[in-house]
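Q: Could you take a close look at one part for me, the place where the two chains meet? I'd like the numbers with their cut-offs, please.

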Protein chains: 2
Amino acid sequence: MTRIPAAERRAALIDAALRVISREGIAQATTRAIVAEAGMSLASFHYAFASRDELLDELISTVVAREQQAVVPVPAPGRGLRELLETGILAYFEHLRADPAHEQAMLELTQYALRSPDRLPLAVAQYARYAELAERSLVLAAEMSGARWRVPVSEAARVLVAFTDGLTLTWLVDRDDTAALSVARAAADALSRMADPL
Amino acid sequence: MTRIPAAERRAALIDAALRVISREGIAQATTRAIVAEAGMSLASFHYAFASRDELLDELISTVVAREQQAVVPVPAPGRGLRELLETGILAYFEHLRADPAHEQAMLELTQYALRSPDRLPLAVAQYARYAELAERSLVLAAEMSGARWRVPVSEAARVLVAFTDGLTLTWLVDRDDTAALSVARAAADALSRMADPL
DNA sequence: GTCTATACACCGATAGAC
DNA sequence: GTCTATCGGTGTATAGAC
């Protein structure tokens, strides 16, 4: 009916696809399910995208670019690095609990990308982005607590990404909040020991 | 042609399915791909299994039951808990490097199970098994190093599972061995601090 | 029990009217 | 540009001969 700019239509389809994947998984995110979610006809899909794979590729790039600081150390002067890190990880955990489907979708998208050599760079970029955000948090936390990283911050950031990833995956399976808190504490402990107080 | 007992045929199909999933991913593990891998006809599949889902369910149960001690602390008297744990995690990492496709397959199976309420118990059982194996390692490591867990061993085991899971996922994406070693070190550090020397 | 042949649903993608 | 209708292909599952 209405005439909609191509870019807008692409964005709408990407959003719809993410909703379908979050709700039902990537396997159920067929072109038909996506256009139904977006309230469009099937042909509109292929007017906006050459193929389903093209949409999924752009979906990953878009969502990764959109990803915001997840592990934010809450500014609270006078607290040590360990406490700041733990609070930051707990903030991420709250984010996970608030929208588990989103993190589950991101995990599925990663594994999808891992399965094709062509799409592998998308997964790598996704985790590079995670590491970048983690690094920013770590720099900030060290500044706030007056500490100095003994190892390259990028290395510590990579560890933080692994720890939060593990926290996410295990919690998605057993939904054990207490266990997740324990993981958060252990992770903050290990990370804080990669820095020296000034 | 040949007459094969049903149980044997089921086992052969399960093995074939695991090979296909490891090689090409769960999405490509169609009934046709599985029977081709097993060298059977399509009808034989449905003689042995009522449906593809039934095979996947049994595949998860079988593989999980088959799972062996992954993080084994290498017996080496005179070493501290931290060193024992690190060696154990590194042993797991070597196992991961030796057969990444297997761990990737296990991750995909977990996510597949997470997507249906009926199959959720399979994922839960899978991670309960991981935790059980981890707990055994931690008990052993404490014994060998003469340490005593300050927290319930099951709690420390759950943390170990999360850490190895995170190590796995991130390494599968970037294949950064150095980063993985760093994760292993940090994980061993955090875990060892959950125990006291005797 | 094991096969070939096929039913039937659903997929991605396109043709062609408007 | 947007729609309905449909193509060609592949998926799971089954029928029926042997």
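A: Buried area here is the accessible area (1.4 Å probe) that two parts lose on being put together, summed over both. Between chain A and chain B that comes to about 3,400 Å², with carbon and sulfur atoms giving 58%. A:Arg115, A:Arg158 and A:Val173 supply 23% of what chain A buries against chain B, more than any other three residues.

Some housekeeping: this is a predicted model, where local features need pLDDT of at least 70 and side-chain atom pairs count only at pLDDT 80 or more, while totals for chains, interfaces and linings use all residues. Residues are numbered from 1 along each chain as its sequence is written, chains are lettered from A in the order in which they are written, and side-chain values use heavy atoms, leaving out hydrogens and water.

Counting contact as heavy atoms within 4.5 Å, chain A and chain B put in 43 residues each. Six salt bridges link the two chains (a side-chain nitrogen of Lys or Arg within 4 Å of a carboxyl oxygen of Asp or Glu). One of them pairs A:Arg115 with B:Glu108, closest N and O atoms 2.7 Å apart.

B:Tyr127 counts as buried because its relative accessibility is 7%, the limit being under 20% relative accessible area (1.4 Å probe, protein chains only).

Notes. Buried < 20%, exposed > 50% of the residue type's maximum accessible area, 1.4 Å probe, protein only.
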